[in-house]
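I opened my notebook to look up a few contacts in this model. Here is what I wrote down.

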Amino acid sequence: MSRTVILYAAALAVALLALEWLQLRYAVRAVSPELYIGLLALGFSGLGLWAGRRLTPRPAPAAQFARNEAAIRSLGLTARECEILDLLASGRSNKELARTLGISPNTVKTHVARVYEKLGVDRRIRAIEKARRLAMIAGADQPAG
C-alpha cells in the first residue's frame with residue numbers, strides 16, 4: 001500500500017513539475033489554462049481509479065454448494081419436491097411456480113403441502129429456513145450448484 005501511495009505522490013510531483021516547466025516556457029499563455037487543469041483532472045481521476053482497484057480487496061470465490069442428499073433421502077423428498085423447494089426459496093408465487101414447471105397450480109399446491117408435511121412445517125418461510133439449515137437448498141450466501 002505504501003508503494004502505491006509513493007507512486008501516486010511521485011506522479012503528482014511529476015505533473016506539477018511539468019506544469020511549472022510549461023509555465024516557464026510560456027506555453028500556458030498559448031493554450032487555455034482550463035485545458036491543462038482538465039487534463040490534470042483526467043489524469044488523476046484515472047490514477048485514482050487505478051489505485052482504488054489495486055487497493056480494494058477482491059472477494060474470495062464462493063465455495064460450491066453441496067446438497068445434503070442424506071437429509072433428502074431420510075425425509076423422503078422426491079426430485080420434484082426438491083425442485084419445488086428450490087423454487088420456493090426464489091420467492092415466486094404458486095402460479096409462477098406452475099408456469100415455470102409446466103404444471104397446474106393445484107399440482108404445485110399438492111407438492112408444497114407434501115414438502116411442508118415432510119419437513120414438519122406449516123409455512124413457506126419455515127420450510128425454506130429448515131431446508132437451508134439442513135443444506136437441502138443453497139442459502140442466501142451460497143451459490144446454487
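**An aromatic pair and a helix**

I looked up tyrosine 8 and got a relative accessible area of 34%, so this residue is partly exposed (buried means under 20%, exposed over 50%, partly exposed in between, with a 1.4 Å probe and protein chains only). Phenylalanine 44 is buried, at 18%.

The model is predicted, so I kept in mind that local features need pLDDT of at least 70 and side-chain atom pairs pLDDT 80 or more, while totals for chains, interfaces and linings use all residues. Numbering runs from 1 along each chain as its sequence is written, and side-chain values use heavy atoms, leaving out hydrogens and water.

How many aromatic pairs does a search of the whole structure find? I found one. The ring centres of tyrosine 8 and phenylalanine 44 are 5.9 Å apart with planes at 75°, so I noted the pair as edge-to-face (centres within 6.5 Å make a pair of Phe, Tyr or Trp rings, with the six-membered ring used for Trp; planes under 30 degrees apart are stacked, over 60 edge-to-face, the rest tilted). Tyrosine 8 sits in helix H1 (residues 2-24) and phenylalanine 44 in helix H3 (residues 33-55), so the pair ties together parts 36 residues apart in sequence (helices are DSSP runs of H or I, at least four residues, numbered from the N terminus).

Next I checked helix H8 (residues 124-133), where Ala127, Ile128 and Ala131 are the buried residues. They cover an arc of only 95° around the axis, which puts them on the same side of H8 (the arc uses directions from the helix axis to the C-beta atoms). Ile125 and Arg133 are exposed on the other side of H8.

Definitions and conventions. Helix = DSSP H or I, 4+ residues; strand = E, 2+ residues; numbered from the N terminus.
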